[in-house]
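Please consider the sequence and the model shown below. The paragraphs that follow lead through selected elements of both chains.

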Amino acid sequence: MNGIPLVVYAIAAGAYGVFFATGRAAVGRLASAVLAAGALAHTFLIGMQTMAIGHAPIADTTSAISTFVWLLALAYLYTEMTTEERAMGVFIVPLLVALQVIPAIRPGLERRAPILESPWFALHVSSLLFAYASFALACVIGITYVLLFKEIKAKHLGFFYKRLPSLQRLDAMNVRAVTIGWIFLTIGVGVGVIWTAQARADAVLDPRLRAMSILDPKIAVAVLSWAIYSFQLYARRAIGWSGRRAAWLSTVGFAIVLVNFVAVGYFLTKSHNF
Amino acid sequence: MHLLLVGVSHRTAPIELRERIDFSTRGVDAAVAALAGRPTNSEAAVLSTCNRAEIYLAAPDPDTAREDVIAFLCEFHGVEASEVAPHLYEKQDGEAARHLFRVAAGLDSLVVGEPQILGQVKDAYSVASAQQSVGPLLNKLFHASFLAGKRVRSETSLGEGAVSVSYAAVSLARKIFGTLTQRTVVVVGAGEMGKLTALHLKAQGIRRMLIASRTMSHAMALAETIEATAVPWEQLSAALGEADIVITATGANLPILVRADVTAIMKPRRNRPLFIIDIAVPRDVDPAAGELDQVFLYNIDDLQAIVQENLTRRAAEMTRADRIVGEEVDRFAAWLRSRGAIPTVVALRQRFETIRRAELERLQHKLAGLPLEAQKRVDEVTRLIVEKLLLTPTEQMKALPDTETMAAYSDALTRLFSLTSDNGGPAPRDSNPAEAGSGAGQPDPAEAGSRAPHGGPEQASDANGAKSG
């Protein structure tokens, strides 16, 4: 079932590529329309899954990835609508396609463990997925910032110069995305701590809950990414680290988030495999 | 009916003459009204910009219309024909259309690809429309020119990229800082070049502009003309500390800003980017300063290279733009040619209809015995036969590839069916409902319109055309 949005996203990715290469406004509108159609199909899919299992499909890593892709598509479409900038799509939509491959080939829709039937858990996961979507946007904005910066600095005004908004605007978009992401990351981690404390009281012997500590890779890396984004926001105010340095930080931050979300989530964590 | 263009532009006439025959001084609408009143044309429009004055006409006889329109030009503006004549250009039909399409696309402009001209062409059309001086030919022509202009705009990058040094600097500044209103500009040196760039930036809404020159009085004089603030030379480094954009244009022989100076400026700025535009020759800013993080240093050669690149790209795009214009001209010319067939086709249909009616009348006494229903059926069937017989020849006539062939075919048809005016003439125009019905079956709305018994104001001209054709 996850294959349907995957295919539509892939078509949208192609259209964004053509738009970026040719700069034709009509192709850009088509790309947005296809992406919106993909997100709509994805919405129905997630709605159906929610009805089938009685809760949002966020309890296992595979469904969480699908939900993350959906959120990122919506967040990107929102950014596009509010800023009238489509040049970022060529970076974002391929990421959607790459991530959506995982749920498409690995149907992992299971009922959640009873231990997860807590509103705290739902809030924990949805906050984090939303934070990750914001960070993904910030990362792509950061990459385009660096590309444009290099072109202007090297005096070779070409591809990106013609297609991207101004450096100042990219910087502002980056800090907005990071700020939103940081707020949700903070909420998500905080709620996780509260939920762990509550769940431990109910199920003392669960090995996963016993592994919930700062030493668990999933938690350690999450805290690391929180530290990086906190530093980015702090450095911007305190020592003027805006522009290119902020762009790099948000790129590194999202690389860590992605590793944590996919690689650590599937293979390394002992605490977060429900 | 022919399309005729008579005009002057920046390519053919000096500014003194263009000023004298500028229609906008007395009002384009008055000119259009005066033109439309002359009997040599049936439709008229006037395109008047600071670079051109052009008259577009639909005229049955282009030669007399040309004579007449030149006379009109001289009368209207009070100039001698001998003064204007050497600067006038005159084009007909497809070539006139090509000219207007190229104008609308910005291909004939002083700065190729400039965007205002399409709006001016639209204005010319709406003025003529308001004066009710346009008919089917100019309607079609102008709408086709809007389409050609739009296509060139969206399918080529003809209008993209700065084509002057000052504008290249402005567009770079916008790419770095976004909106420029809140930015501070420091101009170092009070020369002409610095002034020009400063004015371009000012046009972007810059509020705070500081000017420093070794001679304070020069700085103050320039500051007054462009509404900026002069600062004493000694306070230059303090001013630079505030700047987002620095324009250097002094006549100094040695750099006034070396790398160490710029490093010192950058330190308290906390990474805020600095855009230095060095348009002085010899250079005012040590190129090594451009290596600093967050410093964008462009000198006059860099900017000229950008301009050159954009000009080259525009020139390359002109070929593509002309190809698009060519496609639109072909389409328009085909439409125009198909209109040339109309008089003959109309005459042919009228001839057939006359014969049909005559035959029906002759058989009237035999048909009278039939029930009313059957009589109607006979009428219907004969009409359909005539329709079907004429369908293919009509289509073939309209699709003929050139006017000579069309004239030959018209001639042949006229002889074969004796389509002289007393034969196919005004008789069937006696607003017969059956006649109108047969016209409605036509694929071409223009022709259907021109044949409708109660057509628009252009009806008269088409009736004339039918007679002469």
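Which residue of β9(B) does Thr248(B) stand opposite? Thr248(B) stands opposite Asp278(B) in β9(B). This is a predicted model, in which local features need pLDDT of at least 70 and side-chain atom pairs count only at pLDDT 80 or more, while totals for chains, interfaces and linings use all residues. Residues are numbered from 1 along each chain as its sequence is written, and chains are lettered from A and ligands numbered from 1 in the order in which they are written.

Strand β8 of chain B spans residues 245–248; strands (E, at least two residues) and helices (H or I, at least four) are DSSP runs numbered from the N terminus. On one side of β8(B), Ile245(B) and Ile247(B) are buried, and on the other Val246(B) and Thr248(B) are buried, so that both faces are covered. A residue is called buried if 20 or more other C-beta atoms lie within 10 Å of its own, exposed if 12 or fewer, and partly exposed in between, with C-beta atoms placed from the backbone. In a regular strand the side chains alternate between the two faces of the sheet.

β8(B) has parallel partners in β5 (residues 184–188) and β9 (residues 274–278) of chain B. It is joined to β5(B) by 4 bridges, and Val187(B) has Ile247(B) as its bridge partner. To β9(B), too, β8(B) is joined by 4 bridges in parallel; two strands are said to pair if DSSP finds at least two bridges between them. Together with helix α12 (residues 259–266) of chain B, β8(B) and β9(B) make a right-handed β-α-β unit. Right-handed here describes a path from the first strand over the helix to the second that runs clockwise, with the strands pointing away from the viewer.

These strands belong to an open sheet of 6 strands in chain B, with the order β7-β6-β5-β8-β9-β10 and parallel pairing. β7 (229–231) and β10 of chain B stand at the edges with a single partner strand each, so one side of each is left without a neighbour in the sheet. From one strand to the next, the twist averages 20°, where axes are lines fitted to C-alpha atoms, for helices over the stretch in contact, and angles run from 0 to 180 degrees between N-to-C directions. Within this sheet, β5(B) is joined in parallel to β6 (residues 208–212) of chain B by 5 bridges, and Val188(B) is the bridge partner of Ala212(B) in β6(B).

Strand β3 (residues 52–59) of chain B has 8 of its 8 residues buried. Its covered faces consist of Arg52(B), Glu54(B), Tyr56(B) and Ala58(B) on one side and Ala53(B), Ile55(B), Leu57(B) and Ala59(B) on the other. β3(B) pairs in the antiparallel sense with β1 (residues 2–9) of chain B over 8 bridges, and with β2 (residues 43–49) of chain B over 7 bridges. Tyr56(B) is the bridge partner of Leu5(B) and also stands opposite Ala45(B). Between β2(B) and β3(B), which form a hairpin, there are 2 residues.

Val32(B) is buried, with 25 other C-beta atoms within 10 Å. Leaving aside neighbours within four places in sequence, Val32(B) is in contact with Ala44(B), Ala45(B), Val46(B), Val127(B), Ala128(B), Gln131(B) and Ser133(B); contact requires C-beta atoms, placed from the backbone, to lie within 7 Å. Ser133(B) is 101 residues from Val32(B) along the chain, yet their C-alpha atoms are separated by 7.2 Å.

Chain B as a whole contains 21 helices and 10 strands, and buried residues make up 41% of its 469 residues. Among its contacts between residues at least 6 apart in sequence, 73% join residues at least 24 apart.

Chain B also touches chain A: 14 residues of chain B are in contact with 14 residues of chain A. On the side of chain B that touches chain A, α8 (165–177), β10 (295–299) and α13 (300–340) of chain B each supply at least two residues, and α8(B) gives the most, with 5 residues.

Terms used. Two residues are in contact if their C-beta atoms, placed from the backbone, lie within 7 Å.
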